[in-house]
Amino acid sequence: MSAPADFRSQFLAWLKGWPDDFILRRLLAVMIAATAVVLALDYRQLAEETQNAAVSTPQLSTELPPAALPREDGEPALGPLRRADPELAAHMSFDLVGDGRLLATGTIEPGTAKAFADEVEKRGSYIKSVVLHSPGGSVSDALEMGRLIRNKQFSTEVKAGRYCASSCPLVFAGGVERRAGQKAVIGVHQVSVLARDGLTPVAGMEDAQRVSAACQRYLRDMGVDLEVWTRAMETPKEKLYRFKKDELLGFKLATDVGGGAKTASSRARARL
């Protein structure tokens with residue numbers, strides 16, 4: 001029992017031999033070191049939690065992925081349109097050809113609406129119709145393009161055997177006359193979900209709702225039945241809902257299909 005007491009008395013005697021300021025400095029150094037270790041551990045834990053949240057949280061994009069390539073029976077297959085046609089993989093390009101037709105071919109990227117507006121500014125007096133062949137892309141750009149088309153009173157067209165998928169039908173809807181060729185593929189699907197830094201699940205849901213509201217408002221303004229958007233929201237993003245001829249006319253997405261059947265509004269317009 002005397003050993004601990006002897007050790008304590010020896011330690012106190014040794015401690016008294018040092019100046020008070022030296023002891024205080026040493027205690028302060030120990031406290032600072034301990035604080036630094038705790039902060040480092042907290043920072044590491046916070047970094048790991050942030051990284052895990054970024055990986056696991058689904059977040060929304062306002063872009064639509066390329067649509068699926070329909071088989072001959074009309075059902076969607078999994079091969080993306082961009083693999084089927086190299087023209088569709090490129091950024092959308094514009095080419096003015098005869099009879100006032102502006103060919104718009106390729107993917108709608110962020111900034112495509114600006115490029116389209118520049119083209120219209122340069123050649124607007126010659127353009128009568130915008131001929132589309134596109135797998136879609138940026139929704140916001142598609143909406144801008146469609147509104148400009150309606151403002152300029154252009155027609156839109158998807159030729160026989162050509163594609164207008166994903167967000168492209170939003171552009172198509174902008175035409176005052178909307179012509180679809182025989183076996184033209186016009187289809188829609190859901191907005192894609194992508195990981196994007198800094199977006200919480202709540203913010204992602206709000207983003208999706210804003211996109212949906214903007215598209216519905218736009219289709220209503222263009223005189224198109226909102227059942228078109230319902231079909232889009234019901235179709236998984238890896239598939240494509242391809243509108244049949246009677247749906248294109250019934251939903252007022254097209255005013256003329258195959259150069260034959262036309263909507264009543266289209267016939268009335270032709271008589272003016």
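## Overall architecture

Of the 272 residues in the chain, 39% are buried. The model described here is predicted. Eleven helices and twelve strands make up its secondary structure.

Among contacts in the chain with a separation of 6 or more, 67% are between residues 24 or more positions apart. The chain exposes about 15700 Å², and carbon and sulfur atoms supply 57% of that area.

## Cysteines

The chain contains one disulfide, which joins Cys-164 to Cys-168 with an S to S distance of 2.2 Å. A disulfide is a covalent bond between the sulfur atoms of two cysteines. The link of Cys-164 and Cys-168 is left-handed, with -100° about the S-S bond, and both of these residues are buried.

Cys-215 also counts as buried, because its relative accessibility is 0% and the cut-off for a buried residue is under 20%.

Rolling a probe the size of a water molecule over the atoms shows where empty space is left. The structure holds one cavity of 30 Å³ or more; the volume of the largest cavity is about 70 Å³.

Twelve residues line the largest cavity, and those nearest its centre are Ser-166, Pro-169, Leu-170, Val-188 and Trp-229. Helix 7 (168-172) and helix 9 (227-234) each contribute at least two residues to this lining. The greatest contribution comes from helix 9, with three residues. By residue class, the lining comprises nine nonpolar and three polar residues, with no charged ones.

How values were computed. Residues numbered from 1 in each chain as written. Predicted model: local features only at pLDDT ≥ 70, side-chain atom pairs only at ≥ 80, totals over all residues. Heavy atoms only, no water. Disulfide = S-S within 2.5 Å. Buried < 20%, exposed > 50% of the residue type's maximum accessible area, 1.4 Å probe, protein only. Helix = DSSP H or I, 4+ residues; strand = E, 2+ residues; numbered from the N terminus. Contact = heavy atoms within 4.5 Å. Areas by Shrake-Rupley, 256 points an atom, 1.4 Å probe, with all protein chains shown as cover. 1 Å grid on protein atoms, 1.4 Å probe; cavity = no way out; pocket = protein on both sides within 12 Å on 5 of 7 lines; lining within 4 Å. Points joined across faces, edges and corners; volume = space filled by probe spheres on them. Nonpolar A, V, L, I, M, F, W, Y, C, P; charged D, E, K, R; others polar.
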